[in-house]
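Let's take a friendly walk through a protein model together. Keep the structure open beside you as you read.

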Amino acid sequence: MLGYFILHLLTAGLFIFVLSQIVRNQKINDIEAEMQSVAFMLAGHIEDLENGLEDEALVGHLKRLGKLTNMRFTLITAEGNVVADSVKGTQEIGPHGSREEVLIAKKEGWGFTQRYSDTLRVNMMYGAQRFDNSNRNIGCYIRVASESNKINSEILEIQMFVWIFALILSLLTSGLMAIFSMRSMQPLTTFAKAVRQVGIGKYDSTLAIQHRDDEWGALSEAFQQMQTELNRREQHLLENTQRLEAVLSNMIEGVLAVEPSGEVMLANGAACRMLKLTHPEIFGKKLLEIVRIPELAQAIEKTQLQRTFSKTEFKTFSGTQKTLKARVSMLANKDKPGVAIVLHDVTELRQLETMRQDFVANVSHELKTPLASIKAYAETLRLGALHDENKNMQFVEQIEFQAELLNQQILDLLHLARVESGTNTFTITDVKINQICQASYDQFAKIAVERKLDFQLDLTHPSPVIAADIKSIETIVKNLVVNAIHYTPENGSISILSYVNDGSAVIEVRDTGIGIAKDQQKRIFERFYRVDKARSRDMGGTGLGLAIVKHLTQNNGGSVHLKSQLGKGSCFEIHLPLKNE
Ligand code: ADP
């Protein structure tokens with residue numbers, strides 16, 4: 001609006017300037033013509049005078065005429081001398097033949113100039129008319145002068161008038177323009193607001209101009225449709241993304257999508273857990289810079305070069321070591337495609353494989369030892385010891401002992417295999433643990449005495465009751481008591497305790513035996529693991545007792561805890577959940 005207003009004023013200014021020039025020129029022309037006609041009239045009058053230029057009445061006449069017309073009249077001879085002047089005396093003026101207007105009049109008959117008058121000290125217009133005598137010689141010049149300032153003030157008046165007019169017109173038109181433009185811009189403002197809303201994801205703006213009959217109405221109708229469509233698509237996209245996220249985050253397999261440049265585009269929770277990555281931080285970073293796994297780098301390169309999928313297996317080194325299997329496939333059919341990586345955690349599988357291999361090796365080794373002893377004793381007997389009455393019985397007893405060991409080992413193995421495979425049938429009944437402790441005590445009390453061991457029973461009353469397989473609990477207590485007897489030297493003491501702790505029934509088997517070193521404590525629950533192989537074997541141990549204890553306890557919903565100090569004794573705690581009343 002301001003621009004429009006200024007433009008108006010500039011135009012008005014230009015107009016006023018041009019108009020002033022035209023008016024000025026017109027005025028000057030008019031005055032010039034008036035001057036000339038007055039000069040002619042004066043010439044006619046001079047001719048009528050008795051003495052012509054020398055007539056005495058002439059000066060008075062000029063002065064009168066000057067007052068009437070507001071002009072100045074000067075009579076100049078052909079030689080340039082002033083004969084009479086309506087304002088000043090002839091002596092004061094001096095010769096005027098060299099004045100510009102006089103020089104022009106000399107040549108052309110009429111001369112007109114504008115300049116500053118030194119005599120009157122104002123801007124003047126001068127017109128000089130040449131009059132010839134009857135001999136066709138120059139008779140005289142009549143010079144008429146008028147002040148320019150008068151014209152200027154007239155023009156200023158006109159200019160003032162036009163300026164005021166232009167100003168009022170500008171204000172009026174600018175105001176009208178403002179009203180019109182505001183009215184025509186209003187729908188645009190509404191649109192701008194609605195578009196801004198769409199920009200921040202809000203699609204529910206209703207346009208007030210929607211029901212107009214003009215183009216704005218049609219445009220807002222289309223805009224409304226666009227909003228609805230955008231909203232629908234965004235919802236659709238959102239649902240798809242949520243579905244995809246739900247699927248990806250619930251997958252056990254790790255999924256990664258990598259850009260052709262190697263930057264991570266997508267990674268689900270499982271992939272982050274497997275590769276030990278922090279979820280939002282990996283996006284936009286190069287995968288191989290974060291994980292540095294050569295096998296994975298090779299598989300990605302192979303996929304990108306050969307345009308086929310590739311498989312690899314590798315171990316991660318951060319935190320607990322994991323074995324991961326990766327399948328890398330192409331994402332898009334470009335020169336250098338991005339890749340999708342699916343990761344499977346095969347740590348347990350590989351561990352099981354290793355365990356199976358170790359187990360077979362262990363079993364063969366364990367069974368070979370008593371068999372080798374049996375073979376050796378039998379051979380010794382055959383080679384003559386059979387008739388050695390001092391030794392033969394001892395050898396046969398050894399064969400029996402080793403055969404029993406072999407038998408026990410096979411029985412324990414079968415038992416463990418059944419428990420581990422889940423084919424062992426458990427009959428869950430209410431089990432009073434005091435009863436089992438008591439039975440075990442009764443069974444081994446005699447042996448303990450034989451071995452000079454102090455055997456104690458310390459039970460809580462009433463007996464804690466658990467819902468469990470009674471045979472399992474019997475085996476657990478039996479194995480622990482047997483171990484306590486085996487690994488406690490003479491004069492030591494053993495005790496079986498029962499009590500309730502933190503909602504669990506606890507059976508404790510304590511001894512003051514050889515104890516177990518800290519680093520061995522976890523391993524003794526492994527199959528065939530013995531701290532001292534020879535001692536265990538001499539005792540008739542199979543190396544499977546604690547493995548069976550651990551599995552049976554777990555299968556009955558409990559846990560085993562061990563507290564032991566080397567050389568001071570051991571304490572095995574079996575925690576089993578109390579039966580719900
Ligand atoms: P074993 O038949 O050899 O006793 P177990 O599985 O019962 O096999 O025990 C594994 C190993 O744990 C034993 O060889 C022994 O070294 C150690 N161990 C078990 N119980 C005790 C205990 N009460 N005191 C000291 N060491 C024990």
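Is the crossing of α1 and α2 left-handed or right-handed? The crossing of these two helices, α1 and α2, is right-handed. Before going further, please keep in mind that this is a predicted model.

Now look at the angle. The axes of α1 and helix α2, which spans residues 57-69, come within 12 Å and cross at roughly 155 degrees. Angles over 145 degrees count as roughly antiparallel, so α1 is roughly antiparallel to α2. On the α1 side, the contact is made by Val 38, Leu 42, His 45 and Ile 46. On the α2 side, Leu 58, His 61, Leu 62 and Leu 65 take part. Sorted by class, this contact has 6 nonpolar residues, 2 polar ones and no charged ones.

Let's follow the chain onwards from α2. The loop between α2 and β1 holds Asn 70. Asn 70 is worth a look: this residue has a positive phi of about 65 degrees, although it is not a glycine.

Strand β1, residues 72-77, and β2 pair in the antiparallel sense over 3 bridges. Ile 76 stands opposite Val 82 in β2.

## A second open sheet

Further along there is another sheet to trace. This open sheet of 5 strands has the order β7-β6-β10-β9-β8, with antiparallel pairing. The edge strands here are β7 (264-267) and β8 (310-316), and each pairs on one side only. On average, neighbouring strands are turned by 25 degrees against each other, direction ignored.

Strand β6 (residues 254-258) and β7 pair in the antiparallel sense over 3 bridges. Within this pair, Val 258 has Val 264 of β7 as its bridge partner. Which helix packs on the sheet? Helix α10, residues 347-382, does so, touching β8, β9 (322-330) and β10 (339-345). Its direction makes about 130 degrees with that of β9.

## Four domains

The domain assignment of the protein gives domain 1 (2-154), domain 2 (251-345), domain 3 (350-419) and domain 4 (425-577). How far apart do the C-alpha centres of domain 3 and domain 4 lie? These two centres are 25 Å apart. Between the two domains, 15 residues of domain 3 are in contact with 15 residues of domain 4.

Next, find α11 (residues 392-421) and α15 (residues 545-555). The axes of these helices come within 10 Å and cross at roughly 30 degrees. Angles under 35 degrees count as roughly parallel, so α11 is roughly parallel to α15. The crossing of α11 and α15 is left-handed.

From α11, the contact uses Asp 412, His 415, Leu 416, Val 419 and Glu 420. From α15, the partners are Ala 547, Ile 548, His 551, Leu 552 and Asn 555. By class, the residues of this contact divide into 5 nonpolar, 3 polar and 2 charged.

## Strands, a hairpin and a cis bond

Our last stop has strands paired in two ways. Strand β12 (residues 454-458) and strand β14 (residues 493-501) pair in the parallel sense over 5 bridges. Here Asp 454 has Ser 493 of β14 as its bridge partner. By contrast, β14 and strand β15 (residues 504-511) pair in the antiparallel sense over 8 bridges, and Asn 501 is partnered by Ser 504 in β15. The hairpin of β14 and β15 has 2 residues between the strands, and there Asp 502 takes a positive phi near 55 degrees.

Finally, look for Pro 462 in the loop between β12 and β13 (465-469). The peptide bond from His 461 to Pro 462 is cis, with omega near -5 degrees.

Methods: Residues are numbered from 1 along each chain as its sequence is written. This is a predicted model: local features need pLDDT of at least 70, side-chain atom pairs count only at pLDDT 80 or more; totals for chains, interfaces and linings use all residues. Side-chain values use heavy atoms; hydrogens and water are left out. Axes are lines fitted to C-alpha atoms, for helices over the stretch in contact, and angles run from 0 to 180 degrees between N-to-C directions. Helices (H or I, at least four residues) and strands (E, at least two) are DSSP runs, numbered from the N terminus. Angles under 35 degrees count as roughly parallel, over 145 as roughly antiparallel, 65 to 115 as roughly perpendicular and the rest as oblique. A crossing is left-handed if the near helix is turned anticlockwise from the far one by less than a right angle, and right-handed if clockwise. Contact means heavy atoms within 4.5 Å. Ala, Val, Leu, Ile, Met, Phe, Trp, Tyr, Cys and Pro count as nonpolar, Asp, Glu, Lys and Arg as charged, and the others, Gly among them, as polar. Two strands pair if DSSP finds at least two bridges between them. Domain bounds come from an automatic or database domain assignment.
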